[in-house]
Amino acid sequence: MFTSMPFLRNINYRLLLSQFSITSTLLSSPLLYSYNNISGLSSALKPVFCDSGTLFQNSSVTNTFLRPFSLNMAWYCSANSNEGLVNNLKTAKIITSKRVEEAMKATDRKNYVSYSPYRDSPQQLGYGATISAPHMHAHALQNLEPFLQPSMKVLDIGCGSGYLTTCLAEMVGPEGKVVGIEHIKELVNMSKKNIQKDRPDLLESQRIILIHGDGREGYPEEAPYDCIHVGAAADETPDALINQLKAPGRLFIPVGGRDQYIYQIDKDENGNVTQKKVMGVVYVPLTDADKQWSR
Ligand SMILES: C[S@@+](CC[C@H](N)C(=O)[O-])C[C@H]1O[C@@H](n2cnc3c(N)ncnc32)[C@H](O)[C@@H]1O
């Protein structure tokens, strides 16, 4: 029954299983069953996204159980082309800014991931890392958009494939700068290769610089930043990152262990810091390189 529903055809069940530890019964049971067997989700079933895909966007169990999957689920944004994918994210109202749309259309995901580049789910990069799902990239760009104006400076922590780093550079324009930091050397090389293939000008002009290092410390050498994007979940918000924000500035960061949320942390022009919980998510941890990938 469910596979006949077009919005369910694109669900990458294997990744769902790995990201959420869903029991194998998911594949053979009604979705309501899987609902109850997902570990790591908040009991209130608050909006939950994973760096792979939107799973629940309704907070009430009293809603028809299919509703989150049918009406609000973002996995159905998959397409056969980069343009189609971005158009689907727009139709789903995940992308509302013209500038975000243009940046994502200008950055073809096929240059950053070998398999299923237009599927709205994460894909393995190797070394214990994934490229995040297109809809999470779109949410991040949308959230940071006011701080991605021409000539602004950005820090992208856990830059992985280099895809989001390129979108960020696209948005801040020729006078802007993006520092990508990644703790796995092989992934730094991969992101360099990917960006070189797609937009060599961004590396030559140093509109993007890529650093091998621990992102939990930020990158003080280039601070302060108008905004900081973090692509992996921190145990708690690292003070080092807040200290490296400009005033005003914004940090977009997943925080938490089993219960993770994206936090938007704003520093105002007077240096006052406020934080807002944006959405529930499941991200890989911001961790030590050898814990993530042992050679
Ligand atoms: C979910 S992936 C996202 C990658 C990238 N944003 C993308 O979409 O291609 C998280 C990334 O964070 C990196 N990472 C994890 N802990 C880190 C740390 N302490 N410092 C720097 N990078 C880290 C991982 O190696 C991985 O590349």
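1. The model is a predicted one, in which local features need pLDDT of at least 70 and side-chain atom pairs count only at pLDDT 80 or more, while totals for chains, interfaces and linings use all residues. Residues are numbered from 1 along each chain as its sequence is written.

2. The chain holds twelve helices and eleven strands (DSSP runs numbered from the N terminus, H or I of at least four residues for helices and E of at least two for strands). Of its 295 residues, 48% count as buried, a term that asks for 20 or more other C-beta atoms within 10 Å of the residue's own, with C-beta atoms placed from the backbone.

3. Helix 5 spans residues 82-91, and Leu-85, Val-86, Asn-88 and Leu-89 are buried there. Seen down the axis of helix 5, these buried residues fall within an arc of 155 degrees, so they line one face of the helix (the arc being that of the directions from the helix axis to the C-beta atoms). They pack against helix 6 (98-106) and helix 7 (134-144), and helix 5 is followed by Lys-93, whose phi is positive, near 65 degrees.

4. Around the ligand there are 26 residues, of which Gly-158, Gly-160, Ser-161, Gly-215 and Gly-231 come nearest (a residue is near if its C-beta atom, placed from the backbone, lies within 6 Å). Helix 8 (163-172) and strand 6 (177-182) each supply at least two residues of this shell, whereas strand 4 gives the most, with three residues.

Definitions and conventions
A residue is buried if 20 or more other C-beta atoms lie within 10 Å of its own, exposed if 12 or fewer, and partly exposed in between; C-beta atoms are placed from the backbone. Two residues are in contact if their C-beta atoms, placed from the backbone, lie within 7 Å.
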